[in-house]
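Here is a briefing on a predicted model. Please keep the structure open while reading the points below.

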There are 2 protein chains.
Amino acid sequence: MKRIITISRECGSGGRTIGRKLAQKLGYAFYDRELIDRVSKESGLAKEFIEEQGEHITGSLLFNIATNMSYATHVFGGNLLPIQDQLYVVQSDIIKDIAQKELCVIVGRCADYILADRDDCLHVFIRAEMADKSRRAVEDYHFEPENVEKALRKRDKARANHYKYYTDQEWGDIKNYDIVLNSTAFGIDGCVELLAALAKK
Amino acid sequence: MKRIITISRECGSGGRTIGRKLAQKLGYAFYDRELIDRVSKESGLAKEFIEEQGEHITGSLLFNIATNMSYATHVFGGNLLPIQDQLYVVQSDIIKDIAQKELCVIVGRCADYILADRDDCLHVFIRAEMADKSRRAVEDYHFEPENVEKALRKRDKARANHYKYYTDQEWGDIKNYDIVLNSTAFGIDGCVELLAALAKK
């Protein structure tokens, strides 16, 4: 039996929904926004900041580092470790703590890397075809239809940058996951069913 | 139901065995060496040559092209298309023909790319952890234990070069497969069971 399931996902792939339904089906705790709440509580950082910065790096790293240095002096009272890095540390500690205590599904936030040493995890990556992702992004997340593909690629690029920066590995590289699924091929519920069966083994 | 299953695999991952067992379980035809026999029959090329050149590019492309040019004039009587390219064309035609006529599992040989337009295929990639691949390579395929990791990497690199040369895509990139499985995590029979269930849907 797998006690912990980490789900990484392309934007628009339905990976978050798969995670939520999978947690319901297995009776596991589900950590997505729930994780943000807890990080906010323990770090004192605003939820919006954590949501944006806890999983993405946009623009050049240099720009980010410059920005973070000035932020850091404000928020952490003179501690010069960039705030994004501090956030990563807090987030990692919370993820390790959750994994220690609960049966759970965790979406995003480098959880696959942070928990790579445990052998009771199932590490999942969900991808999908672009047409499918675009439709979902427009219908469910109100992306503008004109620029949806570009916006999705930009979002994934930011996730990949973040993952690379903190793990020194490639986001979406098969080496980092036990299973990679194309949700366009199997459908959301098909993926949930398949993963639930694997988790129970 | 999926009529055709293509299996790409890292060397030592057990992908070929998974393919064979999956074909047995589903009652599908299995094409691995069987494909080589047929290509040999239709092209007049030696089986050993097809086995080696039909899925690998070793060394620099320039060297290969130089070698092939001189080969080509011998084997194809003055036709100057490099022999590897002629082999690819023959192999592709046979794979398309098989897919048209039979329920089958096809291992390697860019079958995922060649059949990408069909919607009755399940495209699978099998990977495994290095320790597991090394053990299998030594025990089952008599690789030398001292150099096994290097030899496995070289073999995969040659497959990746071949795939890149003929498809202009990256071998092992998640975009090219419906499902990627880590056989170390699920075991050979676990992978077979999972894929059989997916193929029947």
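Helix 2 of chain A is followed by A:G44, and the phi of A:G44 is positive, near 80°. The model is predicted.

**Helix 2 of chain A**

- This helix covers residues 33-43, and A:L35, A:I36 and A:V39 are buried in it.
- These residues cover an arc of only 100° around the axis, so they sit on the same side of helix 2 of chain A.
- An α-helix has 3.6 residues a turn, so residues three or four places apart point the same way.
- A:D37 and A:K41 are exposed, on the other side of helix 2 of chain A.
- Two strands and two helices of chain A receive the buried residues: strand 2 (29-31), strand 3 (104-107), helix 3 (47-53) and helix 5 (83-101).

**Chain A overall**

- Chain A holds 10 helices and 5 strands.
- It has 201 residues, and 43% of them count as buried.
- Among contacts in chain A with a separation of 6 or more, 68% link residues 24 or more positions apart.
- A:A151 belongs to helix 8 (residues 148-167) of chain A.
- A:A151 counts as partly exposed, because it has 17 C-beta neighbours inside 10 Å.
- A:A151 and A:K101 are 50 residues apart along the chain, and 37 Å separates their C-alpha atoms.

**Where chain A touches chain B**

- Each chain puts residues into the contact: 10 from chain A and 10 from chain B.
- On the chain A side, strand 4 (121-127) and strand 5 (179-182) each supply at least two residues.
- Strand 5 of chain A gives the largest share of that side, with 4 residues.
- By class, the chain A side has 6 nonpolar, 2 polar and 2 charged residues.

**Helix 2 against helix 5 in chain B**

- Two packed helices are described by the angle between their axes and the distance between the axes.
- In chain B, the axes of helix 2 (residues 33-43) and helix 5 (residues 83-101) come within 10 Å and cross at roughly 115°.
- The crossing of these two helices of chain B is right-handed.
- Helix 2 of chain B contributes B:L35, B:R38, B:V39, B:E42 and B:S43, which meet B:L87, B:V90, B:Q91 and B:I94 of helix 5 of chain B.
- The residues of this contact divide into 5 nonpolar, 2 polar and 2 charged.

**Helix 8 of chain B**

- Does the span fit the residue count, or what else does the end-to-end distance show? At 1.5 Å a residue, the 20 residues of helix 8 (residues 148-167) of chain B should span 28 Å, and the end C-alpha atoms are 28 Å apart, which agrees.
- B:L152, B:D156, B:R159, B:H162 and B:Y163 are buried in helix 8 of chain B.
- Seen down the axis, the buried residues of helix 8 of chain B fall within an arc of 115°, so they line one face of the helix.
- Helix 7 (130-141) of chain B is what these buried residues pack against.

- Most residues other than glycine have a negative phi.
- B:D168 is exposed, because 8 other C-beta atoms lie within 10 Å.
- B:R109 is a residue other than glycine with a positive phi, near 60°.
- B:R109 is placed in the loop between strand 3 (104-107) and helix 6 (111-114) of chain B.
- B:R109 counts as buried, because it has 27 C-beta neighbours inside 10 Å.

**B:I7 in strand 1 of chain B**

- B:I7 lies in strand 1 (residues 4-9) of chain B.
- B:I7 is buried, because 30 other C-beta atoms lie within 10 Å and 20 or more is the cut-off.
- B:I7 and B:F125 are 118 residues apart along the chain, yet their C-alpha atoms are separated by 5.7 Å.
- Beyond its neighbours within four places in sequence, B:I7 is in contact with B:G15, B:I18, B:G19, B:V105, B:V107, B:V124 and B:I126.

Note on methods:
Residues are numbered from 1 along each chain as its sequence is written. Chains are lettered from A and ligands numbered from 1 in the order in which they are written. This is a predicted model: local features need pLDDT of at least 70, side-chain atom pairs count only at pLDDT 80 or more; totals for chains, interfaces and linings use all residues. Axes are lines fitted to C-alpha atoms, for helices over the stretch in contact, and angles run from 0 to 180 degrees between N-to-C directions. A crossing is left-handed if the near helix is turned anticlockwise from the far one by less than a right angle, and right-handed if clockwise. Two residues are in contact if their C-beta atoms, placed from the backbone, lie within 7 Å. Ala, Val, Leu, Ile, Met, Phe, Trp, Tyr, Cys and Pro count as nonpolar, Asp, Glu, Lys and Arg as charged, and the others, Gly among them, as polar. The expected span of a helix is 1.5 Å times one less than its number of residues. A residue is buried if 20 or more other C-beta atoms lie within 10 Å of its own, exposed if 12 or fewer, and partly exposed in between; C-beta atoms are placed from the backbone. The arc is that of the directions from the helix axis to the C-beta atoms.
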